[in-house]
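Look over the sequence and the fold before reading on.

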Amino acid sequence: MIDPRPVLFSGVQPSGNLTIGNYLGAIGRFAEFSEKYKCFYCVVDEHAITVRQVPADLRRRTYETLALYIACGLDVEKNTLFVQSHVPAHAELAWILSCYTMFGELSRMTQFKDKSARHSDNINAGLFTYPVLMASDILLYRASAVPVGSDQKQHVELTRNIAQRFNQQFPDTFVVPEPVISTSGARIMSLAEPDKKMSKSDPNENAVVRILDDRDTVIRKFRRAVTDSGNEVRYSPDKPGVSNLIDIYSCFTGKDVASVEREFDGLGYAEFKTAVGEACADRLAPVQAEYKRLLADRPYLEEVMKKGAEEASYYAGRMLSKVRRKIGFVNL
Ligand code: TRP
């Protein structure tokens with residue numbers, strides 16, 4: 001019944017508005033993993049409430065995020081897709097692990113420092129212990145591989161430390177995970193400030209292309225993208241704007257940098273930018289169509305959630321009862 005393949009776990013916040021950077025570096029490549037790994041993909045609604053949410057929006061985005069996972073190519077038969085709060089073991093293990101996590105370790109998390117600066121009116125305890133919940137997500141499933149953006153690497157390192165500390169006292173409990181940082185597409189930069197990573201929370205909407213932007217919006221945003229002086233489509237450190245567009249075009253078309261440069265040799269920036277916009281919009285169109293179809297079918301999404309919760313609970317339950325037994329809780 002337990003799958004013999006190594007396990008991969010990743011979580012996405014139901015915050016919506018994912019960018020083409022998330023698509024190229026993460027969610028759009030998740031489907032490939034199911035050949036080698038037993039994969040769990042989790043919509044982490046419990047993480048989301050560490051900052052204030054409008055309840056109706058959180059609920060809607062939970063459906064949307066699941067639909068987007070599937071629309072981006074994740075096969076629900078081959079992967080376990082589920083919602084974090086449907087599997088109570090996450091919160092339970094998080095409490096236990098919080099007793100094996102040091103205050104000082106959590107104080108050093110850069111995301112905590114950033115988020116508490118940005119939400120200074122709401123520095124709640126959950127925001128502080130968030131990485132412990134993330135560690136539970138990962139450790140419950142014996143995941144060895146954890147695809148994350150570079151901003152989450154520190155949290156996976158902390159997960160390793162927690163797992164090792166626990167294993168030292170209670171040998172052979174947890175698998176110590178490794179972060180998997182995607183190289184291709186991981187460095188999609190802002191269209192307005194190409195020395196900054198494209199961020200889904202950028203207040204300048206023109207800097208960000210979203211997976212769900214319609215065709216006209218995608219093309220308009222690329223037309224407005226900041227380019228560099230000169231007019232040559234050439235990949236170079238002194239041309240960060242153009243180089244970013246070449247990267248994006250290359251990711252969407254599968255062409256390498258040299259052939260992109262050849263293709264646009266002698267043509268100006270305007271023509272190039274339109275081509276990038278069109279390539280991006282062409283690739284997003286089928287994803288968006290599938291997303292719309294899925295969102296209109298809530299019963300189907302709920303069926304997926306139920307099936308996912310059952311599968312995940314089976315794995316998580318085994319780990320939780322092992323942990324409970326080891327630390328001295330009475331299992332009935
Ligand atoms: N903290 C991650 C983020 O904000 C989301 C996340 C939660 C996650 N649990 C996880 C990622 C477990 C990987 C593994 O992006």
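## Model and conventions

This is a predicted model: local features need pLDDT of at least 70, side-chain atom pairs count only at pLDDT 80 or more, and totals for chains, interfaces and linings use all residues. Residues are numbered from 1 along each chain as its sequence is written, and side-chain values use heavy atoms, with hydrogens and water left out.

## Domains

The chain is divided into domain 1 (7-185 + 298-327) and domain 2 (205-291). These bounds come from an automatic or database domain assignment. Taken over C-alpha atoms, the centres of domain 1 and domain 2 are 32 Å apart. Contact means heavy atoms within 4.5 Å. On that basis, 13 residues of domain 1 are in contact with 15 residues of domain 2.

## Nonpolar cores

A nonpolar core is a set of buried Ala, Val, Leu, Ile, Met, Phe, Trp, Tyr and Cys residues joined through side-chain atoms within 4.5 Å. Buried means under 20% relative accessible area, exposed means over 50%, and partly exposed lies in between (1.4 Å probe, protein chains only). In soluble globular proteins, nonpolar side chains tend to be buried together.

The largest nonpolar core here has 59 residues. Ile-20, Ile-27, Tyr-41, Phe-222 and Phe-272 have the most contacts inside it. Helix α13 (residues 269-295) gives the largest share of this core, eleven residues. Helices (H or I, at least four residues) and strands (E, at least two) are DSSP runs, numbered from the N terminus. The core draws at least three residues from each of domain 1 and domain 2. Not counting residues up to four places away in sequence, Ile-20 touches Ile-188, Met-198, Val-209, Arg-210, Ile-211, Phe-222, Ile-248, Phe-252, Cys-280 and Leu-284. Apart from this core lies another, of 41 residues, among them Tyr-100, Leu-106, Met-319 and Leu-320.

## Helix α4

Helix α4 (residues 55-71) has 17 residues. From first C-alpha to last it reaches 24 Å, close to the 24 Å expected at 1.5 Å a residue. The expected span is 1.5 Å times one less than the number of residues.

Helix α4 is mostly covered, with twelve of its 17 residues buried. After α4 comes Gly-73, whose phi is positive, near 110°.

## Ligand site

There are 13 residues around the ligand, each with a heavy atom within 4 Å of it. Gln-13, Tyr-130, Met-134, Asp-137 and Gln-152 come nearest.

For Tyr-130, the distance to a ligand nitrogen is 2.7 Å. For Gln-152, the distance to a ligand nitrogen is 3.0 Å.

## Two buried positions

Gln-84 lies in the loop between β3 (80-83) and α5. Gln-84 counts as buried because its relative accessibility is 0%. Its side chain makes a polar contact with the side chain of His-47 (3.2 Å). A polar contact is a pair of N or O atoms within 3.5 Å; within protein, one must be able to donate a hydrogen and the other to accept it, and residues adjacent in sequence count only if both atoms are side-chain atoms. Leaving aside neighbours within four places in sequence, Gln-84 is in contact with residues including Cys-42, His-90, Leu-133 and Asp-137.

Ile-96 is found in helix α5 (residues 89-98). Its relative accessible area is 7%, so Ile-96 is buried. Beyond four places in sequence, Ile-96 is in contact with Phe-166, Leu-320, Val-323, Ile-327 and Phe-329. Ile-96 and Val-132 are 36 residues apart in sequence and 9.4 Å apart in space, C-alpha to C-alpha.

## Loop residues

Most residues other than glycine have a negative phi. Arg-142 is not a glycine, yet has a positive phi of about 55°. Arg-142 sits in the loop between α8 (125-140) and β4 (143-147) and is partly exposed, at 41% relative accessible area. Asp-172, also not a glycine, has a positive phi of about 60°. Asp-172 lies in the loop between α9 (153-169) and β5 (178-180) and counts as exposed, at 67%.
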